[in-house]
Amino acid sequence: MEVRLRPRTVLAMAPGVREEVFAKGALDRLAELADLHDDVLHDLSSGSALPVLAEAEVLVTGWGCPPLGAELLERAPKLRFIAHAAGTVKTFLDPVVLEGGVRVSSAADANAVPVAEFTYAAIVFGAKRAFTMAHRYREHGTKRDFSGIPWLGARRITVGVVGFSRIGRRVVELLRGLEAEVLVYDPYADPALVARLGGVLVDLDTLVRRSHVVSLHAPSTPETYRLLDRSRLAKLMDGAVVINTARGTLIDTEALLEEVTSGRLDAILDVSDPEPLPSGHPLFGLPNVFLTPHLAGAQGNELGRLADSTVEEVARYCAGLPLLHEIQLDALDRMA
């Protein structure tokens, strides 16, 4: 890839994030592509940050990035491109930045890989009742006690995927190995693409009624708030498994608590509402509920994907090539 320019580039993220996400090789490559400022900006309003921003053409952001809004456009008049080395930009990016002509991309595609892998594992473990069985084994020492379980196993089950986004699409593709029937709900999905990947587009009520496992991959918006409310949870078949690796607000927590406490449903939750759950919350003590602390996204050695994706986007910008993961203003509200 031919590089046409070396834009002045600045990193803006929380302390320690550069070292956590960008291994030396990725950072060296970024420095080869761009005129890279040595220090990371943590506060864009500080006196030391202002002269740096005044010359910045590219801003590489990450977790803990300060809010970016109209003031940024004033402080960084030469800014043309923001490359986010993580998933969502909605937590810090004001739409006015996009409206001001600054291009933005994110590493959400790279972050989707481990989330989809985590979800696939959760579907298999959930269908095998691994967590309930582990609890019974630990408590009673029985080798296999499947009493009271209405169905068991991952082969040819019906999986409902709510949200046909980057992650949802990857999950649908991974499910081919289970010979699963895959139902998809997403009002913005292309039916032809859903079908091509092996899914069937249905309405949400049909999905919850027919699915053995329901996996959530929708963004948090006013339209998706408590998408699985009390009435929809009640429509799930006995023994259904609810998996949430998206946002906790997609589920009515109290209604789910009643269903899992009764033993009618199982749940695997990487996110919650509230998040984190308060210490001693009843969900922690249930054998049919598996809780993890929002770790499905890139962790440890998976973080290299985020750095590689970000450096590739900067390289494409420098070469005048189309960005692979550019964020469009009209899609921002529907994004996670």
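Trainee: How many bridges join β7 to β8?
Mentor: Strand β7, residues 181-185, is joined to β8 by 3 bridges, and the two run parallel. Strands are DSSP E runs of at least two residues, helices H or I runs of at least four, numbered from the N terminus. Two strands pair if DSSP finds at least two bridges between them.

Trainee: Which residue in β8 is opposite Val-184?
Mentor: Leu-201. Bear in mind that this is a predicted model: local features need pLDDT of at least 70, side-chain atom pairs 80 or more, while totals for chains, interfaces and linings use all residues. Numbering starts from 1 along each chain as its sequence is written, and side-chain values use heavy atoms, without hydrogens and water.

Trainee: What's the strand order in the open sheet?
Mentor: β8-β7-β6-β9-β10-β11-β12, 7 strands with parallel pairing. The edges are β8 (199-201) and β12 (289-291), each pairing on one side only.

Trainee: Which members touch the most others?
Mentor: Leu-207, Leu-228, Leu-233, Leu-236, Val-260 and Leu-283, out of 29 residues.

Trainee: And what does Val-260 contact beyond four places in sequence?
Mentor: Its contacts (heavy atoms within 4.5 Å) include Leu-265, Leu-283, Leu-286 and Val-289.

Technical notes: Core = buried A, V, L, I, M, F, W, Y, C linked by side-chain atoms within 4.5 Å. Buried < 20%, exposed > 50% of the residue type's maximum accessible area, 1.4 Å probe, protein only.
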